[in-house]
Amino acid sequence: MSKILSGKVALVTGGSHGIGAATARALAERGADVAISYSASPDKAEAVVRDLTIMGVRAAAFKADQANTAEVERLVAAVVERFGRLDILVNNAGVFVAGALNDPSVNAAQLDRQFAINVGGVATAVRAAAKVMGEGGRIVSVGSVLGGRVPFPGIADYSATKAAVATYTKGWARDLGSKGITVNAIQPGPINTDMNPENTDFAVPQKAATALGRYGRPEEVAAAIAFLASPAASYITGATLDVDGGFNA
């Protein structure tokens with residue numbers, strides 16, 4: 001594979017598993033040095049780092065709670081200190097908390113933490129990265145097709161966080177365009193990850209809702225992220241790309 005990202009440094013939040021790990025590998029395959037963050041899976045994170053170093057790039061894992069503004073700011077600073085620069089930020093870390101509006105058993109603290117991670121953590125990372133990125137910088141956030149459509153009850157809070165990411169993306173593209181930094185979002189549909197495995201009862205209606213009739217693979221989302229992080233996507237900014245098997249068709 002062409003090393004089109006050689007000389008670039010990328011940070012992938014939530015990079016110890018799922019879409020994040022696949023993205024870290026995709027960027028490394030294209031020549032980028034890659035830092036990943038994790039919150040509670042040090043063994044998985046170090047396994048990803050080993051995979052990346054085997055590819056011949058520099059790699060490191062950093063522990064950070066994406067709900068904690070100070071930790072996210074320190075994460076970005078630590079990556080720059082370790083690697084000397086930051087060219088690509090992939091905001092992948094996120095959580096899913098369901099609960100209907102009229103459900104008295106919903107844990108409000110968990111909903112607040114979901115918002116802090118899915119929205120606050122993304123915003124903090126972008127603000128910190130924008131201070132150190134130069135021209136040609138790339139910011140890609142992982143949203144969800146549920147940010148623009150709410151086909152099931154009980155997911156309004158989660159959907160709202162992903163809608164915020166999509167809207168922020170458009171605004172940040174305007175804010176950072178003069179610096180030559182592009183800002184885009186990927187909206188995955190049902191993807192086979194620990195958060196949403198394809199072998200559950202809830203997977204059946206999700207598969208049926210796609211045009212392709214199947215779940216996606218993390219690598220399929222990672223390929224789209226790697227494209228938006230590449231020089232080939234230099235005139236794409238403020239865009240939201242559905243990688244959803246036709247879920248939103």
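I take a residue as buried when its relative accessible area is under 20%. The model I am reading is predicted.

**Entry 1: Thr182**

I looked up Thr182, where the relative accessible area is 6%. That is under 20%, so I list Thr182 as buried. Thr182 lies in strand β6, which covers residues 182-188. I then listed its contacts, leaving aside neighbours within four places in sequence. They are Gly137, Arg138 and Ile139, together with Ala233, Ser234, Ile236 and Thr237.

**Entry 2: Asn118**

Next I checked Asn118, which is found in helix α4. Is Asn118 buried or exposed? Its relative accessibility is 1%, so I count it as buried. With neighbours within four places in sequence left aside, Asn118 is in contact with Gly94, Val95, Tyr158, Thr161, Lys162 and Val165. I also looked at the pair Asn118 and Gly143, which stand 25 residues apart in sequence. Their C-alpha atoms are 8.6 Å apart in space.

**Entry 3: the cores**

I turned to the largest nonpolar core, which has 35 residues. Which of its members touch the most others? I noted Leu27, Val34, Ile36, Leu52, Ile186 and Ile225. Elements giving two or more residues to this core are β1 (9-12), α1 (18-29), β2 (33-38), α2 (42-54), β4 (88-91), β5 (138-142) and α7 (218-228). The largest share, seven residues, comes from α1.

Not counting residues up to four places away in sequence, Leu27 touches Leu5, Ala10, Val12, Ala32, Val34, Val90, Ala226 and Ala229. Another core lies apart from the largest one and has 27 residues. Among its members I found Leu11, Val72, Val79 and Ala123.

**Entry 4: α1 against α7**

I compared the axes of α1 and α7, which come within 8 Å and cross at roughly 50°. The angle makes α1 oblique to α7. I recorded the crossing as right-handed. On the α1 side, the contact has Gly18, Ile19, Ala22, Thr23, Ala26 and Leu27. On the α7 side, I listed Pro218, Glu219, Val221, Ala222, Ile225 and Ala226. I sorted the residues of this contact into nine nonpolar, two polar and one charged.

**Entry 5: α1 against α2**

How do α1 and α2 cross, and at what angle? Their axes come within 9 Å and cross at roughly 15°. That makes α1 roughly parallel to α2, because angles under 35 degrees count that way. This crossing, too, I noted as right-handed. Ala21, Ala24, Arg25 and Ala28 in α1 meet Val48, Asp51 and Leu52 in α2. The residues of this contact are five nonpolar and two charged, with no polar ones.

**Entry 6: α3 against α4**

Last, I looked up helix α3 (residues 69-83) and helix α4 (residues 108-132). Their axes come within 9 Å and cross at roughly 35°. The crossing of α3 and α4 is right-handed. From α3, I listed Thr69, Val72, Glu73, Val76 and Val80 in the contact. From α4, the contact has Gly121, Thr124, Ala125, Ala128, Ala129 and Val132. I sorted the residues of the contact of α3 with α4 into seven nonpolar, three polar and one charged.

Note on methods:
Residues numbered from 1 in each chain as written. Predicted model: local features only at pLDDT ≥ 70, side-chain atom pairs only at ≥ 80, totals over all residues. Heavy atoms only, no water. Core = buried A, V, L, I, M, F, W, Y, C linked by side-chain atoms within 4.5 Å. Buried < 20%, exposed > 50% of the residue type's maximum accessible area, 1.4 Å probe, protein only. Helix = DSSP H or I, 4+ residues; strand = E, 2+ residues; numbered from the N terminus. Contact = heavy atoms within 4.5 Å. Axes fitted to C-alpha atoms, helices over the stretch in contact; angles between N-to-C directions. Parallel < 35°, antiparallel > 145°, perpendicular 65-115°, else oblique. Left-handed = near helix turned anticlockwise from the far one by under 90°. Nonpolar A, V, L, I, M, F, W, Y, C, P; charged D, E, K, R; others polar.
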